[in-house]
Amino acid sequence: MKNFQIIKALSPSSAVTSVSKEPSAKFIAGGTNLVDLMKKNVVAPDKLVDINGLDFKKIEFLKGKVSIGALAKNSQVAEDPSIKEKHPLLALALAAGASQQIRHMATVGGNMLQKTRCSYFYNTDMPCNKRVPKSGCGAIGGSNRMHAIFGASESCIAVHPSDMCVALTALDATVLVEGPKGKRQIKFIDFHRLPGNTPEKDNTLLDKELITSVEIPDNNFTKNVHYLKVRDRSSYAFALVSVAVALDIQNNTIVSARLAMGGVAHKPWRLTESEEFLKGKIISETIFKQAADLAMKGAKSYGDNDFKLTLGPNAIVEALTIASSK
Ligand SMILES: Cc1cc2nc3c(=O)[nH]c(=O)nc-3n(C[C@H](O)[C@H](O)[C@H](O)COP(=O)(O)OP(=O)(O)OC[C@H]3O[C@@H](n4cnc5c(N)ncnc54)[C@H](O)[C@@H]3O)c2cc1C
Ligand code: SF4
């Protein structure tokens, strides 16, 4: 690892100013992803701006929404009694991520910006368009068991690895940011992006922008929710496929549905067509299977990950069945 300078930010604006002065500078929060990337020389910043002293750790229930600070720890959010009561899908997704120790360090903002777990991205001896644009993609035609079945491109077939972000996508969250050009808001569904021919860009954040908080609007998804994560080990493993389900059920009929998948695309993958289909339907295995078939339209696998074409719809049906039976 090369030597670097580290400074503590005293305010959001000083954090943005400090990071803007040095092209390679980066914010550091929990460090659970960034330090690994630095150790492997995947990134080599000259300066780190430590944002842990900023006042972004609060979870506040405001009129019509909850505001979660970007520095709230993953464990803090997952274990917050009011989050568990009002947004249980988010609590379940967070609790499914990493390990208790990592969740104690990992922050909400850092979780959103964690890099893909594609092994070629972490190996500087291998080609990877995301790490070095135009160098090629090792995973296409290589080892691609963890990779995408939706929205991939000829440049990159990586997936976004977060569990939390799948729930936040389903819950219509908004991201609040502050940067050199001021403050702005980004809809969560527009925050992460598909690779296209610029896979080096994971999201729509502008250079040197700081995530300050995430907001979730109030909803009725307090009971019939489930986060199903299929992985190689029961802890400490990223999703092969995950499904976030939130249903508003009255008299056995689905009033509204939210569905999103993880481990299948470069961004959390919202299943809007399936959501529309489920609206107004009486609960049954048949309609769950039809919703899953709709969700899988356009899926494409790359060899090692062919199993996701079967695992994906099965996981959707299972998650819907569990959520609707609560
Ligand atoms: C062994 C292991 C297993 C894991 N398993 C899972 C899993 O199953 N599911 C899952 O979802 N995650 C998993 N993770 C990932 C973990 O959740 C992330 O590493 C963590 O959430 C990152 O948060 P952090 O605060 O440590 O970020 P950092 O490592 O500090 O930062 C990550 C990136 O975000 C930037 N950044 C951080 N905060 C901000 C901000 N507020 N504004 C702008 N930029 C910012 C940094 O500059 C850096 O580029 C695992 C990690 C490990 C090491
Ligand atoms: S899938 Fe993406 S991250 Fe993985 S090697 Fe290809 S370009 Fe790199």
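How many residues surround ligand 1, and which are the closest? I counted 33 residues around ligand 1, with Phe-27, Gly-31, Thr-32, Thr-107 and Asp-163 as the closest, taking a residue as near when one of its heavy atoms lies within 4 Å.

I note that this is a predicted model, in which local features need pLDDT of at least 70, side-chain atom pairs count only at pLDDT 80 or more, and totals for chains, interfaces and linings use all residues. Residues are numbered from 1 along each chain as its sequence is written, ligands are numbered from 1 in the order in which they are written, and side-chain values use heavy atoms, without hydrogens and water.

**Polar contacts.** I looked for pairs of N or O atoms within 3.5 Å. A polar side-chain atom of Lys-229 lies 2.8 Å from an oxygen atom of ligand 1, a polar backbone atom of Leu-34 is 2.8 Å from an oxygen atom of the ligand, and a polar side-chain atom of Gln-114 is 3.4 Å from a nitrogen atom of the ligand. I then found that the protein covers 93% of the 980 Å² of accessible area that ligand 1 has on its own (Shrake-Rupley method, 1.4 Å probe).

**Shell.** I divided the shell residues into 16 nonpolar, 12 polar and five charged, with Gly counted as polar. Of the DSSP elements (helices of at least four residues, strands of at least two), α7 gives the most to the shell, with four residues.

**Cysteines.** I searched the whole structure for disulfides, meaning cysteine sulfur pairs within 2.5 Å, and found zero. The sulfur of Cys-165 is too far for a bond, because the closest cysteine sulfur, in Cys-156, is 17 Å away.

Note on methods: Polar contact = N/O pair within 3.5 Å; in protein donor to acceptor, adjacent residues only side chain to side chain.
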